[in-house]
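Let's take a walk through a protein model together. Keep the sequence and the 3D view open as you read, and click on each residue when its name comes up.

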Amino acid sequence: MKIIVAKDYEAMSRAAADQVEALVRAEPEALVSFPGGDTPVGLLREFCRRVKEGAIDPSGLKFVQLDDWVGIGPNDEGSCSNFIRENLLRVMDRPFGDVFTFNGAGEDIDAQLAGQEAFIEKYGPICVEVLGIGMNGHLGFNEEGIDFSLRSHRTPLSSVTRGVQKKYFGGRDLPLKEGITQGIAQIMESKTVLAIANGKKKADIVAKAILGPVTNQVPASVLQGHGRCLYLLDEEAASLLPADLPGLERV
Ligand code: PGA
């Protein structure tokens, strides 16, 4: 496992975009997956800028959404599909070759999960799997206690996630109880995982994920077993890691 520590959020986002750019230049037909949330905003801005400037050609790339909340759809602020549309798909001036996104408000959730799985089967394995890390160490909506063998699935949200969620909905408490998500099996089959985290509030869970035992109580700890996992952190998120940790590099 490699860990790149950048001085602040902007530098972390640029470093993450450098990695994505290098990977998709090497594999122009690649399947890529980006998460929703606060963490990837800077990376997506950088990605779209590089598309606009011609450094990244998205036309052969395929995009698959990571996860979403059950009960809200692409037109609802705070849904991951809305986030991906507003921060990525609408901002890119040239489209991806193919795209899979969820509609968490749809009646056909099981069919959508089958659709996500089929999309990954068709174009996969995922070449660049970008992941945020939840306050409980979740990856996508793979919450504490998750079965690591699951693929695309529907799952109850943990109390931590239900507590954090209103930040995405303008402070409103929505009665959201379930998520839909790629499973850990698909994440672990990805060729490269880029795990991004910033801010002091993530320092504790990042340290547990990287230094602690591999356990489904901290789902991100599973990445310790991924052969090509790169963490991109800012100084604050890395603040509980020893400076001489093998694989850690400051940029
Ligand atoms: P955040 O969410 O980027 O908004 O911190 C990360 C996550 O829950 O996966």
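First, some ground rules. This is a predicted model, so to speak about local features a pLDDT of at least 70 is needed, side-chain atom pairs count only at pLDDT 80 or more, and totals for chains, interfaces and linings use all residues. Residues are numbered from 1 along each chain as its sequence is written, and side-chain values use heavy atoms, with hydrogens and water left out.

**The ligand**

Let's start with the ligand. Around it you'll find Gly37, Asp38, Thr39, Gly132, Ile133, Gly134, His138, Lys167, Tyr168 and Lys202; a residue is counted as near if one of its heavy atoms lies within 4 Å of the molecule.

| Residue | Part of the residue | Distance to a ligand oxygen |
|---|---|---|
| Asp38 | backbone N or O atom | 2.9 Å |
| Thr39 | polar side-chain atom | 2.4 Å |
| Tyr168 | side-chain N or O atom | 2.5 Å |

How much of the ligand does the protein cover? On its own, the ligand has 280 Å² of accessible area, and the protein covers 89% of that (areas come from the Shrake-Rupley method with a 1.4 Å probe; for residues, only the protein chains shown count as cover).

**His226**

Now jump to His226, in the loop between α7 (203–211) and β10 (229–234). Helices (H or I, at least four residues) and strands (E, at least two) are DSSP runs, numbered from the N terminus. Is His226 buried or exposed? With a relative accessible area of 7%, His226 is buried; the word means under 20%, while exposed means over 50% and partly exposed is in between (1.4 Å probe, protein chains only).

The His226 side chain reaches two backbone atoms: the oxygen of Ser190 at 2.7 Å and the nitrogen of Arg228 at 2.9 Å. Setting aside neighbours within four places in sequence, His226 is in contact (heavy atoms within 4.5 Å) with Ile187, Met188, Ser190, Lys191, Thr192 and Val193.

Gly42 belongs to helix α2 (residues 41–53). Gly42 is buried because its relative accessible area is 4%. Apart from residues up to four places away in sequence, Gly42 touches Tyr9 and Ser13.

Helix α3 (residues 80–89) has buried residues too: Cys80, Ser81, Asn82, Phe83, Ile84 and Leu88. What do they pack against? Their partners are α2, β3 (62–64) and β4 (67–69).

Strand β3 is also where you'll find Lys62. Lys62 has 9% relative accessibility, so it counts as buried. A polar atom of the Lys62 side chain lies 2.5 Å from the backbone oxygen of Gly60. Leaving out neighbours within four places in sequence, Lys62 is in contact with Glu29, Ala30, Leu31, Val32, Gly97, Asp98, Phe119 and Tyr123.

Next stop: Gln112, in helix α4. Gln112 is buried because its relative accessibility is 9%. The Gln112 side chain makes a polar contact with the side chain of Asp108 (2.9 Å). Gln112 and His153 are 41 residues apart along the chain, and their C-alpha atoms are separated by 9.6 Å.

Move on to the loop between α4 (109–123) and β6 (128–132), which holds Pro125. Gly124 lies in the loop between α4 and β6 as well. Most peptide bonds are trans. Which form does the bond from Gly124 to Pro125 take? That bond is cis, with omega near 0 degrees.

Gly124 is partly exposed because its relative accessible area is 29%. Residues up to four places away in sequence aside, Gly124 touches Leu31 and Phe119.

Key
Polar contact = N/O pair within 3.5 Å; in protein donor to acceptor, adjacent residues only side chain to side chain.
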